[in-house]
Amino acid sequence: MSRSLERFVVRKFIYPALLQPYSSLDFSDQFAFRPSGLTTAAVVVMLHTVRSMLVDNEFVHVFSFDFSKAFDTVRHVSLASKLAQLAIPDNVYNWAVDYFGNHAHCTKYAGLTSLPAVINASVIQGSALGPASYIVTAADLHPIHDWNRIFKFADDTYLIVPGSNTDTRQEEIQHLQMWANASN
């Protein structure tokens, strides 16, 4: 598969679809791998949020989560389900599903080769579609309480809880953990 074709699909169809509002998929809190997703923008928005919360609160909790190996664990089935919610043409959706499907791995050691194992999760290392796929996968991760905020930059996630919502911290962290488990 040509990386230039992947880049074309991402730029022409996936990124524009990320800019459209959806009820269950919200990309406004994801700053990486987007045309307007600069590290500087993420830092500015997070600092503005914390500073705004400090106007009415004595303190603010900021929790940092790193979903290491996140790109290696993206489930193809859940990714396809979320891609289906985007405003992309059917042929682009079908191409993406086909792109992620039908991959297998086998190991060769000491002259022996294992049986092929089907790969149902992960994105191809270095693919242009990989980062956009992770954005789509993480698009349904939101805080469960009003006034709490979540910001995502690639596989790093920040939960911001104002002092007035201190009692919601543990529930938000458990929600984040349940989402991570459900999302693999």
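Buried means under 20% relative accessible area, exposed over 50%, and partly exposed anything in between (1.4 Å probe, protein chains only). The model here is predicted: local features need pLDDT of at least 70, side-chain atom pairs count only at pLDDT 80 or more, and totals for chains, interfaces and linings use all residues. Residues are numbered from 1 along each chain as its sequence is written, and side-chain values use heavy atoms, with hydrogens and water left out.

Let's start with the rings. Rings of Phe, Tyr and Trp (its six-membered ring) pair if their centres lie within 6.5 Å; planes under 30 degrees apart count as stacked, over 60 as edge-to-face and the rest as tilted. There are 3 aromatic pairs in the structure. F8 and F13 make an edge-to-face one, with 6.1 Å centre to centre and 85° between the planes. Here is how open those two residues are:

| Residue | Relative accessibility | Class |
|---|---|---|
| F8 | 44% | partly exposed |
| F13 | 21% | partly exposed |

Elsewhere, ring pairs tie W95, Y99 and F100 into a cluster.

Now for a helix. Helices (H or I, at least four residues) and strands (E, at least two) are DSSP runs, numbered from the N terminus. Helix α2 covers residues 39–56. A42, M46, T49 and M53 are its buried residues. Seen down the axis of α2, these fall within an arc of 60° (taken from the directions from the helix axis to the C-beta atoms), so they line one face of the helix. On the face turned away from that buried side sit the exposed T40, L47, H48, R51 and V55.

How values were computed:
The expected span of a helix is 1.5 Å times one less than its number of residues.
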